[in-house]
Amino acid sequence: MAEQLRLARWMVAVLLIGAAAVLLLGAGVGSTGFESVLNASDDPVAWQIVWDIRLPRTLGAWLAGALLGLAGAVAQGLFRNPLADPFLLGSASGASLGVASALAMFGVSPYATEWLVRLGLTGAAFAGAVVGVLLTLLLAKGVHHTLRLLLAGVIVGVVLGAIKDLITIAVPDILQAMQAFMLGSTGFVGWTACGVMAATLLPCLLLAWALSQVLDGLSLGEATAHSLGLPLAPMRAALVAVLALATGTAVAQTGLIAFVGLAAPHLVRSIVKTTHGRLIVLSAFMGGLLLMVADVLARWLIAPQELPVGVLTAVLGGSYLLWLMHRRSSRGGML
């Protein structure tokens with residue numbers, strides 16, 4: 001136990017140091033390269049590029065990844081399923097529907113930097129994420145049947161995605177904004193979006209950590225969790241709210257970025273075996289580092305152009321999932 005705790009502390013330190021290093025690297029990756037960093041003290045334009053564009057974008061990638069990693073760890077523990085992910089349970093599709101509805105009704109832009117707009121998009125995404133998760137649970141008739149839960153999540157995701165597409169067709173003015181949103185991008189993340197995500201991440205992390213004993217109890221089975229005297233119904237509702245808020249906030253600021261919430265908890269568990277309290281924190285830090293690295297790669301691979309970061313995470317995350325499935329099947333185990 002003491003060795004696992006020590007390993008978890010070392011992992012936190014490594015993930016934070018890695019994030020700091022990638023943040024510095026991200027400040028120098030772009031169409032003008034490291035010249036902007038070297039000339040920032042003398043050139044106002046270079047300073048603006050570094051301070052107003054690159055740094056908030058790279059930091060925003062960490063914050064969005066941390067929210068998705070946190071949501072993935074909560075989802076996998078809450079539904080007792082290592083395949084559970086914000087994208088597989090309807091919350092991401094619901095969040096995108098909420099954002100599309102807000103863009104269509106109020107004519108705002110996802111590129112806006114005003115606090116009111118960012119908070120409004122976040123609220124719309126949160127409401128949509130809650131609806132998505134509740135529809136999935138209603139269709140699956142609870143969380144007891146894993147296959148039914150995953151199938152329900154897929155169905156809800158397809159239906160909500162279709163409604164979102166209908167809204168986009170009905171209001172063609174938002175088509176271009178929604179296209180960038182669906183591909184996933186950190187390009188429109190500024191300091192305002194970073195502030196919204198940071199203000200959401202801290203309470204979500206604290207609440208999920210405080211409720212981690214529920215996830216530990218559920219991992220031993222429903223009957224065991226009841227025997228421990230845990231009020232499962234309200235605690236589950238609180239965890240669903242954390243899942244929806246974390247997913248909705250990330251989706252509202254960066255669009256749909258797949259596989260981060262699925263891969264981050266898996267990577268943590270492959271390194272250290274720990275309770276859900278530490279797993280949630282480590283998954284948040286791992287998700288932040290993963291998305292930050294993906295964002296830097298998206299800017300660097302075909303510079304001066306850039307790849308949508310959501311496309312890159314889908315390719316890398318899908319490859320990781322296939323490798324994980326192959327490894328588990330070769331051992332005769334299940335994912």
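**View 1. Salt bridges: the structure holds 4 of them.** We're looking at a predicted model, where local features need pLDDT of at least 70, side-chain atom pairs count only at pLDDT 80 or more, and totals for chains, interfaces and linings use all residues. Residues are numbered from 1 along each chain as its sequence is written, and side-chain values use heavy atoms, with hydrogens and water left out. A salt bridge here is a side-chain nitrogen of Lys or Arg within 4 Å of a carboxyl oxygen of Asp or Glu.

**View 2. Arg57 forms a salt bridge with Glu306.** The closest N and O atoms of this pair sit 2.7 Å apart. Arg57 lies in helix α3 (residues 44-78) and Glu306 in the loop between α13 and α14 (309-330), so the pair ties together parts that are 249 residues apart in sequence. Helices are DSSP runs (H or I, at least four residues), numbered from the N terminus. Arg57 is buried at 8% relative accessible area, while Glu306 is partly exposed at 38%. Buried means under 20% relative accessible area, exposed over 50%, and partly exposed in between (1.4 Å probe, protein chains only).

**View 3. Asp295 pairs with Arg299 in a salt bridge.** Here the closest N and O atoms are 2.7 Å apart. Both residues belong to helix α13 and are 4 residues apart, so about one helical turn separates them. Asp295 and Arg299 are both buried. Salt bridges with shared partners link Arg57, Asp295, Arg299 and Glu306 into one network.

**View 4. Lys164 and its sequence neighbour Asp165 make a salt bridge.** Their closest N and O atoms are 2.8 Å apart. Lys164 is buried, at 5% relative accessibility, but Asp165 is partly exposed at 38%.

**View 5. A nonpolar patch on the surface is made of Leu139, Leu151, Ile155, Val159 and Ile163.** Patch residues have over 30% relative accessible area and no salt bridge, with nonpolar side chains (Val, Leu, Ile, Met, Phe, Trp, Tyr) joined within 5 Å and like charges within 9 Å. Helix α6 (residues 146-170) gives the largest share, 4 residues.

**View 6. Helix α1 (residues 2-26) packs on helix α13 (residues 276-300).** The angle is about 25° and the axes are 10 Å apart, which makes α1 roughly parallel to α13 (angles under 35 degrees count as such). Axes are lines fitted to C-alpha atoms, for helices over the stretch in contact, with angles from 0 to 180 degrees between N-to-C directions.

Terms used
Accessible areas come from the Shrake-Rupley method with a 1.4 Å probe; for residues, only the protein chains shown count as cover. Helices (H or I, at least four residues) and strands (E, at least two) are DSSP runs, numbered from the N terminus. Angles under 35 degrees count as roughly parallel, over 145 as roughly antiparallel, 65 to 115 as roughly perpendicular and the rest as oblique.
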